[in-house]
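Student: Can we go through this one together? I'd like to start with what sits inside.

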Amino acid sequence: MALKPLTKTPQEYADAMAEWLTCKRLTHFETTLVTALRDAALKGLAEFDEAREFVMLNYSLNIWTCVSKARAEGLCKNA
């Protein structure tokens with residue numbers, strides 16, 4: 001699966017995931033996915049890239065649902 005190239009620092013991705021976690025509408029499972037992405041970003045770009053590819057391959061519907069919920073709350077404007 002071809003994903004957009006990573007163009008930010010690991011901290012910027014971690015901060016974006018942390019903002020995403022403030023979304024009140026996420027289910028426990030969705031929060032777990034976003035937390036895993038945040039934790040991977042904190043480890044570095046290679047880990048984040050691997051995690052996002054895994055999530056998109058296995059949980060893409062869940063992630064896009066998270067994006068929709070967060071956008072409804074004014075978050076994830078660049079997702």
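**Inside the helices**

Tutor: Keep in mind that this is a predicted model. The largest nonpolar core has 21 residues, and Trp-20, Leu-26, Val-34, Leu-37, Ile-63 and Ala-70 touch the most other members.

Student: Which elements give two or more residues to this core?

Tutor: Helix 1 (10-20), helix 2 and helix 3 do. Helix 3 gives the most, with eight residues.

Student: Why would nonpolar residues gather like that?

Tutor: In soluble globular proteins, nonpolar side chains tend to be buried together.

Student: Pick Val-34. What does Val-34 touch?

Tutor: Leaving out residues up to four places away in sequence, Val-34 touches Met-17, Trp-20, Leu-21, Leu-26 and Cys-66.

Student: Now helix 2. Which of its residues are buried?

Tutor: Glu-30, Leu-33, Val-34, Leu-37, Ala-40 and Ala-41 are the buried residues of helix 2. They span an arc of only 120 degrees around the axis, so they sit on the same side of helix 2.

Student: What covers the buried residues of helix 2?

Tutor: The cover includes helix 1 and helix 3.

Student: And which exposed residues are on the face turned away?

Tutor: That face of helix 2 carries His-28, Leu-42 and Lys-43.

Student: How far does helix 2 reach?

Tutor: Helix 2 has 16 residues and reaches 23 Å from its first C-alpha to its last. That is close to the 22 Å expected at 1.5 Å a residue.

Student: What comes just after helix 2?

Tutor: Gly-44, with a positive phi of about 140 degrees. Gly-44 lies in the loop between helix 2 and helix 3.

Student: Is Gly-44 buried or exposed?

Tutor: Gly-44 counts as buried, because its relative accessibility is 13% and the cut-off is under 20%.

Student: New topic. How many aromatic pairs are there?

Tutor: A search of the whole structure finds three. Take Phe-29 and Tyr-59: their ring centres are 5.6 Å apart and their planes are at 65 degrees, so the pair is edge-to-face.

Student: Where in the chain are those two?

Tutor: Phe-29 is in helix 2 (residues 28-43) and Tyr-59 is in helix 3 (residues 45-72).

Student: Which residues do ring pairs link into a cluster?

Tutor: Phe-29, Phe-54 and Tyr-59. Phe-29 is partly exposed at 40% relative accessibility, and Tyr-59 is partly exposed at 28%.

Terms used: Residues numbered from 1 in each chain as written. Predicted model: local features only at pLDDT ≥ 70, side-chain atom pairs only at ≥ 80, totals over all residues. Heavy atoms only, no water. Phe/Tyr/Trp six-rings, centres within 6.5 Å; stacked < 30°, edge-to-face > 60°. Helix = DSSP H or I, 4+ residues; strand = E, 2+ residues; numbered from the N terminus. Buried < 20%, exposed > 50% of the residue type's maximum accessible area, 1.4 Å probe, protein only. Core = buried A, V, L, I, M, F, W, Y, C linked by side-chain atoms within 4.5 Å. Contact = heavy atoms within 4.5 Å. Expected span 1.5 Å × (residues − 1). Arc of directions from axis to C-beta.
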